[in-house]
Structure formats: C-alpha cells, structure tokens
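Hello,

Here is the structure for you to look over. My notes on the ligand and on one helix follow it.

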Amino acid sequence: PDTSPVTVVGLGPMGAALAEALLANGNPTTVWNRTAGKADRLVARGARRAASAAEAVAASPVTIVCVADYPAMHAVLEPASGALAGRTVVNLSSGTPEQARDAVAWAEQRGARYLDGVIMVPPEAIGRPDTVLFYSGQSACYDAHRATLDVLGGAAQYLGDDPGLAVLYNTALLGLMYATINGFLHAAALVGSAGVASAALARIAGDWFVPSVVLPLCAGVTGQIDSGDFPGDAGDLRAHLTVIDHIVRTSRDQGMATDVPGALRDLVERAIAEGYGDKGYASLVELIRTPAG
Ligand code: NDP
C-alpha cells in the first residue's frame, strides 16, 4: 500500500475521517485545524500536530484540504502561501465550479499544483473500497497522487481536465437526489392519505419501479438530450400533462399540498405554450437549459 506522507488541513467530521483513514493505512499524517483541540484524538492515534497551516503544508508533498467552503480554504492557506511552492493541494471542500477554477490560478501563482475533488459519501464511509470521490483538474496531478487518494475511497473517479467538473457533477447529483427525495415524499404522502405506510411504498419503488421503470427511462433519453431531437410518438408533452394533472388533482382531493407536482405541471405547461406540445418528455431539457424569458 501507499505510505507517502500526507497533510490534512481541516478536521471537522469529514477531515477527521480522512486523516483517520490515512493513519489506518500507515501514511505518516500531519494535521492542522483552526480550532487546535480537534486534532487531539488524531494525535493520540499517531498523527503529527503542526503548529501552523504553513508548517502543516511544509510537512508533506500533498496537502488535503477539507474545510467548510472555498473562502475557508483561502483563509487557511493564504497564510501558508510561502510553503506552497512545489507542493500539491487537493481541495475536498464544497463549492462552485467557478471557485474551483479560480483556485487553480490562485495555487499556480504560489507555485503549487492543485487538484479539485468532492466527497460523495458521509464521513463513516471514508476509507472503504467502494467509496466514491470525484476528482477533476490536471490529470498528471491526479495520476501522481492516485495511490494516496485511493486510500480515502477505492471507487474514486477522475472526471476530466476542467477543474470545475468534480463540483459540477456533485451539484448535479445532489439536485437529482433532492428532486428524487421530494418525489418520494410526495408519493409517500399520497399513499399515506389512504393509511399506507411509507415503507410499503419504498419496497415497491426499490424492488421494481426505480430499477425497471425510472432508470431505463433516464438511460433511454440520453441520446435525445444530447442530440436535441425529441420524438413524441411514444407519448407527447400534452399526454404527459394529462397524467401530471391527475397527480395534482388527486393530491388536492386527498387534502394535500400540490407544490411538488405543481412545479412539474408549470414546467410542462410552459413548454406546451412555447410549442413543444407534440414533442417527447425529454424536450423539457430545452426549457431547463435557458432561463425563462
Ligand atoms: P464543516 O463543513 O462544518 O467544516 C468544518 C471545518 O471547516 C472545520 O475544520 C472548521 O474549522 C473549518 N472552517 C470553517 N470556516 C473556516 C475558516 N473561516 N477558517 C478556517 N477554518 C474554517 O464540516 P465537515 O468536516 O463535515 O465538512 C468539510 C467539507 O466536506 C465541507 O465542504 C462539506 O461540504 C464536505 N462534505 C461533508 C460531508 C459530511 O457528511 N460531513 C459529506 C460530503 C462532503 P474549526 O474546527 O476551527 O471551526
């Protein structure tokens, strides 16, 4: 296994989990956190405590930063600027693609290499072979430190040269997650209005509906999304509006709020008003791509 020295800066729940995985793997690990006491448990397990962020950065060829956001990363690393030359920063803090791209230039001005990444799991999943992290930016930088990074999550994926890609994928998938959860919550309330426990719905959704219906539907329209051609012969937007109207009406009839299906209906109605009525459902992506005029 890789046992090169690593520095971890930022010891919140996630940063501490990263440092623990590295220690468990046998990597000499230097740690630093603004609130110094958060390093105590790691030091007791063999981590080396740095007295400053600069000392932490100087201790290893790679510094993994895991703080709240990019402004926090800059607040931590700016005073360590003098130590950054010739070293690599791997930033695993959450942010926006623009912040990730700006961070590359920021690091380059200080002679450092910079790789951006995001963590797709909770702290307790760090260090497992099936744990997913995304990385993007210079591929040479990823390749050089891949063995070390694989200690954090064995199912890591490198997404491409654009440093903003890791956070963009993260944002896209979180949007998918929240939309899916909202859909599930609405469905649970609907069956709940007839006294059905949500666990019964979850079983049916997981055993059959999502894998056999929803996932093939998504996979089936990727060609349309990428080509911009949306045949409506298997059900056009007008037909879908009828179904969505039933969801809204049934929700109202059951005494429920209609926010979740109401948002769907608004989007489909706008698409029909803009001339997409005879196109397939995936044509909604054209409206999503541009702000409403
Ligand atoms: P937080 O997001 O609460 O971040 C806490 C860390 O940020 C602490 O080390 C804190 O230092 C530091 N920090 C915040 N502001 C500053 C600042 N201005 N200057 C210096 N340090 C600062 O905790 P997590 O550990 O949970 O998350 C870290 C990152 O990992 C976040 O970007 C988060 O989105 C991401 N992440 C977290 C997941 C989770 O389940 N926890 C899952 C996936 C990603 P101090 O201790 O001194 O306050």
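In this predicted model, an N or O atom in the side chain of S94 is 2.5 Å from an oxygen atom of the ligand. Taken alone the ligand exposes 880 Å², and the protein buries 71% of that (Shrake-Rupley areas with a 1.4 Å probe; for residues, only the protein chains shown count as cover).

The ligand has 21 residues around it, and M14, N33, T35, K38 and S94 come nearest (a residue counts if one of its heavy atoms lies within 4 Å). Helix α1 (13-25) and α4 (70-77) each give two or more residues to this shell, with α1 giving the largest share, three (helices are DSSP runs of H or I, at least four residues, numbered from the N terminus).

M177 has a relative accessible area of 36% and G183 one of 33%, so both are partly exposed (between buried, under 20%, and exposed, over 50%; 1.4 Å probe, protein chains only). From G183 to G46 is 46 Å in space, C-alpha to C-alpha, and 137 residues in sequence.

Residues are numbered from 1 along each chain as its sequence is written. Local features need pLDDT of at least 70 and side-chain atom pairs 80 or more, while totals for chains, interfaces and linings use all residues, and side-chain values use heavy atoms, without hydrogens and water.

Regards

How values were computed:
Polar contact = N/O pair within 3.5 Å; in protein donor to acceptor, adjacent residues only side chain to side chain.
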